Amino acid sequence: MKLIKVFLTGILTAVLLSGCGSQSNNTISSNASTSVDSSSPASAEENTGDEIENYTRYADYTPVKAEDAGITSGSAGNILVAYFSRSSNTSLDGVDAVSSASLQVQEDGTAIGNARQMAEWIADETGGDLYPIQTMYTYPMDYDQTVDVGEGQDKDGVHPLLVNPIDLSSYDMIYLVYPIWHYTLPAPMVSFLEDYDLSGKTVCCFTASGGSGFADTIEKIQKAEPDADIVEGITVSQSSVADAEAEVRSAAADLQTSYAPAQEENMTEKQTIQIQIGNQTFTAELEDNETAAAFREKLPLTLQMQELNGNEKYAYDVSLPSDAESVGTIQAGDLMLYGDDCLVLFYDSFSTSYSYTRIGHITDPDGLADAVGNGSVQITFSAE
Ligand SMILES: Cc1cc2nc3c(=O)[nH]c(=O)nc-3n(C[C@H](O)[C@H](O)[C@H](O)COP(=O)(O)O)c2cc1C
């Protein structure tokens, strides 16, 4: 594993295997027994041996590996809606969604969990990015078996491994939406709090439950994240979720208004550049770092950028100061530096184990994939 990593750092390999270093659909998880921050998730592959046992010792079923659901980008930029919901962590094939108190049937006939439903309303209302907290392995399809697994994991202090790592550095405000399991936080939520440092962020909590409200979860989250500002949102009973859209949206909007001043301050500090592709112009906000400042000094800059992996365009010979970090999740519209001279513009979102220095992000990446097309493309970057 380590040998492979060393090998991959060679430029030749980077070009052959990944151009400027992207690797799509790479599932990584933090080791729940080790506290890591979002920029340094440990490799899950080293920890899978006993992990299945953390499910099967409580119920007779076969857990399967979760499919990385990724992140859905919103317009706000600095707001994240992170949710844990049973439906995002189990297979629902064959489950009677209509009669299930834990599921909300959508217009297209698909069913999603209560916490996910609330999270989707909050993300839509606030413009936040929507992020599913996912376990490496699925919970049982059978509800009662899930109760057994959830209760067992809580009692035994099992903290399941998570997948779909995320870089939280750009978020000031996090809505945390989760169900109550066994009168407290579901074990995967404890994993999330262990794996990520929410210091300095405002964390607004929303729960779905059978009637336990917030139970002891606000206190637990505050204890796990002593340097975060933990705010109580609202709690919705599972029997009322279907009728709670207005209430959830209103509570989310009120909280956003309360904490908006800090966000606006951050937004106005950001410098923007224009990115012209064909006859389309996109606006990107630059990071507040040395790399972005040096990049801006080079503008205007026209580059012939090469295609890679169906998710990025890259060009070498753009020498810039670098301070690479493991970014976890890449979002469409991210502009990054790979190594110290490879400029990368991503036009699709995925998880990666590669390290980059962030330069900026296109504020509205709608139409970006069509604009860049399938092959190499000429792109002009200019300061406003
Ligand atoms: C493992 C498990 C344990 C639960 N324990 C509780 C509980 O202690 N108190 C409660 O009010 N509801 C409990 N519930 C009900 C859920 O909190 C409720 O159905 C919630 O709406 C589920 O949200 P979801 O569909 O997004 O997972 C439990 C559900 C499960 C699956």
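Q: What does the secondary structure of the chain come to, and what share of its residues is buried?

A: This is a predicted model, and in it the secondary structure of the chain comes to 11 helices and 20 strands. Of the 384 residues in the chain, 51% are buried. The accessible surface of the chain is about 16,900 Å², and carbon and sulfur atoms hold 46% of that surface. Among the contacts in the chain with a separation of 6 or more, 76% are between residues 24 or more positions apart.

Q: Is Thr126 buried or exposed, and in which helix is it found?

A: The cut-off to keep in mind is that a residue counts as buried under 20% relative accessible area. Thr126 belongs to helix α4, which covers residues 114-126, and because its relative accessibility is 6%, Thr126 counts as buried.

Q: Which backbone atoms lie within reach of the polar side-chain atom of Thr126?

A: A polar atom of the Thr126 side chain lies 2.8 Å from the backbone oxygen of Ile122, and a polar atom of that side chain also lies 3.2 Å from the backbone nitrogen of Gly128. Once the neighbours within four places in sequence are left aside, Thr126 is in contact with Ala76, Ile79, Val81, Tyr175, Ala252 and Gln256.

Q: How do α4 and helix α8 pack, and at what angle?

A: Two packed helices are described by the angle between their axes and by the distance between those axes. Here α4 packs with helix α8, residues 245-258, at an angle of about 50°, and the two axes are 9 Å apart. That angle is why α4 is called oblique to α8. The contact is made on the α4 side by Met118, Trp121, Ile122, Asp124, Glu125 and Thr126, and on the α8 side by Glu245, Val248, Arg249, Ala252, Ala253 and Gln256. As for its hand, the crossing of α4 and α8 is right-handed.

Q: How many residues of helix α6 are buried, and which are they?

A: Helix α6, residues 187-195, is mostly covered, with seven of its nine residues buried. Those buried residues are Ala187, Pro188, Met189, Ser191, Phe192, Leu193 and Asp195.

Q: How far apart are Lys155 and Ala187, in sequence and in space?

A: The two residues, Lys155 and Ala187, are 32 residues apart in sequence, and their C-alpha atoms are 9.5 Å apart in space. Lys155 has its place in helix α5, residues 143-156, and because its relative accessibility is 58%, Lys155 counts as exposed, whereas Ala187 is one of the buried residues of α6.

Q: Where in the chain is the peptide bond from Leu299 to Pro300, and what is its omega?

A: The bond from Leu299 to Pro300 is a cis peptide bond, with omega near 0°. Pro300 has its place in the loop between α10 (290-297) and β12 (301-308).

Q: What is phi of Ala215, and what is phi of Asp317?

A: Phi of Ala215 is near 50°, a positive value in a residue other than glycine, and phi of Asp317 is near 70°, again a positive value in a residue other than glycine. Ala215 is found in the loop between β8 (202-209) and α7 (217-224), and Ala215 is partly exposed, with a relative accessible area of 36%. Asp317 is found in the loop between β13 (312-315) and β14 (325-326), and Asp317 is exposed, with a relative accessible area of 68%.

Methods. Residues numbered from 1 in each chain as written. Predicted model: local features only at pLDDT ≥ 70, side-chain atom pairs only at ≥ 80, totals over all residues. Heavy atoms only, no water. Helix = DSSP H or I, 4+ residues; strand = E, 2+ residues; numbered from the N terminus. Buried < 20%, exposed > 50% of the residue type's maximum accessible area, 1.4 Å probe, protein only. Polar contact = N/O pair within 3.5 Å; in protein donor to acceptor, adjacent residues only side chain to side chain. Contact = heavy atoms within 4.5 Å. Areas by Shrake-Rupley, 256 points an atom, 1.4 Å probe, with all protein chains shown as cover. Axes fitted to C-alpha atoms, helices over the stretch in contact; angles between N-to-C directions. Parallel < 35°, antiparallel > 145°, perpendicular 65-115°, else oblique. Left-handed = near helix turned anticlockwise from the far one by under 90°.
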